[in-house]
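Morning, everyone. I have one structure to walk through today, and I will keep it quick.

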Amino acid sequence: MTDTSHHAADRHSRIPATIDDLVLPVEREGSSRRTFLKLAGFGVASATLAGCSRGVTRLVVPRLDASDSVTPGLAYWTATTCGGCEARCGVLARCRDGRPVKLEGNPEHAISRGGLCAVGQASLLDLYDGTRRDGALVRGKKASWNDADAVVRAALANSRVRILTRTITSPSTRAGIERFTKQFGASHVEWDPRSASAILAAHDACFGARVLPRMHFDRAHVIASFDADFLGTWLSPVDFARDYAAGRRPDGDDATMSRHVHVESHLSLTGSAADERLAVAPSELRPTLALLRKHVADLAGAADAAGSEPTDAPYATRIEHLAQELWGARGKSLVVCGSDNAGTQALTVHINQLLGNYGKTLDLEQPSLVRRGDDKALLALIEEMRNGKVDVLIVDGLDLVYELPDDVGTTEALTKVGTVVSTSPLADETSAVAAVVAPTPHELESWNDAEAVRGHFSLSQPTVPPLRAARTLRHSLAAWMGDDTDDHDLVQAYWQTSVYPRTKAKGSFQSFFDRALHDGYVAVPSPERTRARWRADGPAKMLAASAAPAAVADGSLALVVYSKVGVPEGRNAHNPWLQEMPDPLTTLVWDNYACVAPATAARMGVRPGDVVRIADGDAAVEVPVRTLPGIHPDTIAVARGYGVSGTDRFSSIGPSWLEGELTVQEGGTVGRRVSPLLTLDKNSLRTSGRAVTVTPTGDHEDLAGTQDHHRLEVPAHLAVRGGAVRDVALVTTFEKLQKDPDHAVHAHEAHDVSLWPTDHANDGPRWGMAIDLAACNGCSGCVVACQAENNVPSVGKDEVLRHREMTWLRMDRYFSGTGDDLRVHHQPMMCHHCANAPCETVCPVLATAHSSDGLNQQVYNRCVGTRYCANNCPYKVRRFNWFDYPRADELNNLALNPDVTVRSRGVMEKCSMCVQRIQEGKAEAARRGEDVADGAIQMACQQSCPSGAIVFGDLHDPESAVAKLAHGPRSYQVLAELNVDPGVTYLADVRNASEFANGSGTGERHG
Amino acid sequence: MDDPHAFERVIDGDKTLTQVTHDVFSPLERRGTGRWWAGFLLAVSALLLGLIAVAYQVQTGIGTWGLNRTVGWAFDITNFVFWVGIGHAGTLISAVLLLFRQKWRTSINRAAEAMTIFAVMCAGVFPLIHMGRPWLAHWVFPYPNPRGPLWVNWRSPLLWDVFAIGTYFTISALFWYVGLIPDLATARDRANGMRKRILAFFSLGWDGSARTWSRHETACILLAALATPLVVSVHSVVSTDFATAVIPGWHATLFPPYFVIGAVFSGFAMVLTLMLVARKVMHFEDYITQRHIGAICKVLVFTGTIVGLAYLTEFFTAWYSASPYERFVMLNRVIGPTGWAFGIMFSCNVVVPQLLWFRRVRNSLVTVFILSLLVNVGMWFERFVIISTSLGRGFLPSAWASYTPTLIEIATLIGSFGLFFTLFLLFCRFVPMIAAAEIKTVIARRHANDDVAPEAAGAAARPEAPESSETTERRAA
């Protein structure tokens, strides 16, 4: 880290004046070399001028060095904060020529610690979304900010004002809202579509503090998760995945591995990583927890604490066993629950309390601030609106009409509000009825701050001049209060008055703030204290206040509305990278669908793709069916986040040709909106457990997925002796590994004898990767990271249906076993950079060749496109450019990585092992006259991985991390028997499960 | 073949040399018949359809084909191997049978050679258009260039293909042309005006002298000797496209002989198809006789049986290899999702030709015609099965994918047939379809009273007393 004192002297920004400087206005026709140079010169010159045209840009402190201008062609990093969700991970934006081209996790951010999920990676693309609003709207018409502000100010006078937002994680925004509410006597309602309202309510009842404890999965030796997809979509997945992986290090002398038991109705990403997984119906979740509480209470000698909650649950013996395990690890265990039922959450709180986990694995003092939304408050607000008691409603970050079930009558309630003010940057259903729209900017083009865990602050700073005229909510509220302070000063003022005094920083505020901007993160002790005191009667009261979900009647199924890892919410629906990210469990893209157990589908007489009508009363949704093992047979699960209006923008995302189908019909939506089937009862918005009838409509729709065969076993009728299972994703148990590490993994060996001399002998480095399948949970952050880094196009649903997805890194997903012994394997698969590469020998024109440092290189210029290399690739990781994929959106093209060629039609491509990063690392080392240090070069996939599952380095250096892993006891190579000598080594998956729990298949259910 | 003279009596009708000249050359001098025109229009339409499809594909991208990340070749290379295979019979008939002095070949060798050339042309189209960037196809040739120079990859079977197919086409075309010269001279002598001048150019000043004959025969024998190894080498090389790959189902040392025999098999089937049509349409019943057809049928049943053996050997090898991947691929081929294609292949190529053991079947032209078509279909499917089923389900189950052709691919396949038949029908109209000069040598030798050496082509032959048909029958038996 360089000294930051120079920042005071250097007030020039790296940010070009306007976006027009980024898109060089090279004339399409008649552009000569001379005009190009002229314009290029102009672009660079103007890029060196400090921001002056659009006001918002102020001092930006670059991370690594402080040259006073953008050096064309050289990347620099700016620390900022991810705006993808409320977890607000720290990111470093890799910028080129004054714009961000890639987001990476900020390793110095104490919460996210360098990881970044798929949503975060993809949020870069949202910045370059051309459909974002440019400037304010008054009654749907473009208006100046002054006019819009005048309308709002006039409405604010002497009226009942309500602000409805998601959880506000920005402390400066929160301060702004408080100031605003005070000035106008307004009230602020927070609500989250993926609500943790029940958890907050349970803690309120049991501890007298409405807080969301921060969970420490690394400290837990036994983890019991009840429907909480903490590795995929729940609260703060990057933080959790880092912790979870830290608690599961099965190798070496200090090996430790937490035991993870997962109970759920749907098959979630987290469930697929669990050591033991139990499928229960949604209505069985609460009794299961009650049963667990009963056993734990017995063990704790507090049998009377168990109360009278029904404990009629399946898996009785396994739950008892789980209770013993938890009790054995009391204080080092963790029970988490994703239920929206406050009673169920109260049971969870109670169990954790009995186990003494509070203060250890659950932190109330430094609680998580990612969810503060209150379902009840939203309901009260809607009631107010309906009764005409709201004059001004400011809605920020929420598409209320989309999110809430139709029977709530949101639109009608909104029409009864005098003035609806929306801040939506995209045309959504709520802003369509708003009188004033004051759009908010993208996180990467604005100033902001975040406090996702109390005391952990991070800052956002613009990485690019504003691409759209927009204001943050904080800025707009200030404007409406008559305060014309700009947004940067609002943030800075908050930090000066509220953050800086709490630190023990010695220097001036300015140097503290500069440092914080530079690092992107600062830990500041919080004066706030959680006043939490255990109330023994809390759980019982909560249980009494919250009705247990009823079991569904025969003939109907229990609906679970879940979030997908790729598109967790409707706000992510406009991102093509996320839409095309294969779901890690179904491998499907561009759609939502009803997941049912294969047996359930057979019982209903439907096949995958058959459209069914899921109905309860008037509320109905029609979606195609997808069978998914592991899901409880009485459950039907549909993902939220689809059916978002305006997603027909993707109708022509893919190539258009004779037989090409549109990804989405004009006027249609990607997937279906499932909100009509949510239940808004008096306490909460229920996402699971609703009894629905499911009837086939007779329609059929093809679902586009990247995998046709889902199991490690080949189809039974084709299983030859010794070949029934493809042993490509190996798994062992922790127990075996402890007993005999050298024989825990049975892998194929390469045949050492060869008739031929080594093809590519080299003394220098051989770059390679090691991928730990025990750490990998399949979250697919790497998939999107790779797509962003390597300019991989999105090709649309039809092309994926034709198995022509372009992703260089794919997340293979296999099932093995059945029923309660179902095992899910995730395996990142990319080019293996074989030393004896089958692709290299067959190319007639030498378009794929071996580099001197062990890379298998694809030379796009030379490729004539015979596709022989792809045919001969045993891993099938090569991707062919079937078409010229649409690149007409010039704004979108700004997301392209300038270091990576955009491939043309007719050429082959594949994972290059981020050769541009290797070259950069080598050049950097050469500049310093050193060898490339181990770990100095990071692959895009590796950098993104919250679990640290991917390690890159020099296989020829015996001291390198990758070489050590590649020779470790768990290492194996996929298809080693082909003697291709791959450069990618896998470490076998490890599950902390005894043979009893997972191998016996006792078939116990209601035992 | 007990009677050494059985095949020497190549043609029926006991033709005189003049009659032969008339029969062979007069169709070229008349306007095309209605049937010819109908066939030609159909063929040209198919060709046009194919051209449109290819133009669209080159304009839009290989994505207009049904290929995917797993199945990178399907119709394209299937068609390529199919058409290369078709060519083999022509070379076998013209070169190998020439070297072995099998005189019965004379009445079909011209057409068979033409078929070879046209088939190789059809085949050659596919490696070109299957490229992602066909406009850079010249990069597969090793020529001095300013890129280093950057040479080609001598290890790649696709490069071997370039040479194998290039050589094959060159030799076949030369051989065909050299054999044509005496007949072109005959046509020249019968023609006037522009037509005469063109034919004069192409007959290279043929004067029928002993010297021209002698050099002609030497050239023919030399080219035959050059072409003979090609019968084996070309399809062996083509088979290495698959055999040298690591993909289960391709990776087999059996492939070269397996492909060569398959090629001969399919080629003879196509010869049979064409000859049966040609003799009917062009009224060459006397030249392409039941004996020719019978002989081809015997070749078919022989090669078809070997092909069947090759199929079984593939299964044996897969089982014997103990490789689960190989075993799986073979099983998948038979009872997997594209098992129906295997069914077509096996029944058309192995089961159906066995009917040809029966003389009654061989003597029924309609049956033989249908059988020949079925073999053609079967051999197309053989290549399709080898290529697409092996690729579709390889090592990693996650990457398994199936393949469905698009309209563009089907149109391209139809177009390749269009090209073939367009060329063939043009050949029928503009080039003597039967090697008249060679027929005359056979007739001349057979007539004891005609003790002169084979006459110069174009010279009037004396009329002969017709032999009784009973004698012909007796000798045939």
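Predicted model: local features only at pLDDT ≥ 70, side-chain atom pairs only at ≥ 80, totals over all residues.

Start with the core. The largest nonpolar core counts 447 residues. Four residues have the most contacts inside it: A:Ile614, A:Val638, B:Met115 and B:Val271. Which element gives the largest share of this core? That is helix α8 of chain B, residues 255-281, with 16 residues. As a general point, nonpolar side chains tend to be buried together in soluble globular proteins.

Take B:Met115. Leaving out residues up to four places away in sequence, B:Met115 touches B:Ile86, B:Gly90, B:Met270, B:Val271, B:Leu274 and B:Phe424.

Now look at B:Leu276, which sits in helix α8 of chain B.

Next, domains in chain A. The assignment gives four entries. Domain 1 is 136-190 + 373-437. Domain 2 is 197-282 + 293-308 + 324-368. Domain 3 is 552-700, and domain 4 is 716-752 + 763-991.

I want to focus on domains 2 and 4 of chain A. Taken over C-alpha atoms, their centres are 34 Å apart. Contact involves 18 residues of domain 2 and 19 residues of domain 4. On the domain 2 side, α7 (237-246), α8 (269-273) and β13 (276-279) of chain A each supply at least two residues. The most comes from α7(A), with 5 residues. By type, the domain 2 side divides into 11 nonpolar, 2 polar and 5 charged.

A:Leu235 lies in the loop between β9 (222-226) and α7 of chain A. A:Leu235 is not a glycine, yet its phi is positive, about 60°. A:Leu235 is buried, because 24 other C-beta atoms lie within 10 Å.

On to the contact between chains. Chain A gives 52 residues and chain B gives 49 residues. On the chain A side, the elements giving two or more residues are β32 (810-816), α24 (838-842), α25 (868-871) and β36 (879-880). That side splits into 27 nonpolar, 13 polar and 12 charged.

Follow β32(A) into its partner. β32(A) and β33(A) run antiparallel, joined by 7 bridges. One pairing: A:Phe815 has A:Val824 of β33(A) as its bridge partner. The two strands form a hairpin with 6 residues between them. In the turn, A:Gly817 has a positive phi of about 70°.

In β33(A), A:Arg823, A:His825, A:Gln827 and A:Met829 point one way. A:Val824, A:His826 and A:Pro828 point the other way.

A:Arg867 lies in the loop between β35 (856-858) and α25 of chain A. A:Arg867 is not a glycine, and has a positive phi of about 65°. A:Arg867 counts as buried, because it has 26 C-beta neighbours inside 10 Å.

Now the open sheet in chain A. Three strands run in the order β1-β2-β3, paired antiparallel. β1 (75-81) and β3 (99-105) stand at the edges with a single partner strand each, so one side of each has no neighbour in the sheet. On average, neighbouring strands are turned by 30° against each other, direction ignored. Between β2 (90-96) and β3 of chain A there are 6 bridges. One of them pairs A:Leu92 with A:Glu104. Helix α3 of chain A, 118-127, packs on this sheet and touches β2 and β3. The direction of α3 makes about 165° with that of β3(A).

Last item, a peptide bond in chain B. What is the bond from B:Gly148 to B:Pro149, cis or trans? The bond is cis, with omega near 0°. B:Pro149 is in the loop between α4 (106-129) and α5 (157-190) of chain B. For context, most peptide bonds are trans.

That is the tour. Over to you.

How values were computed: Residues numbered from 1 in each chain as written. Chains lettered and ligands numbered in written order. Core = buried A, V, L, I, M, F, W, Y, C linked by C-beta atoms within 7 Å. Buried ≥ 20, exposed ≤ 12 C-beta atoms within 10 Å, placed from the backbone. Helix = DSSP H or I, 4+ residues; strand = E, 2+ residues; numbered from the N terminus. Contact = placed C-beta atoms within 7 Å. Domains from an automatic or database assignment. Nonpolar A, V, L, I, M, F, W, Y, C, P; charged D, E, K, R; others polar. Pairing = 2+ DSSP bridges. Axes fitted to C-alpha atoms, helices over the stretch in contact; angles between N-to-C directions.
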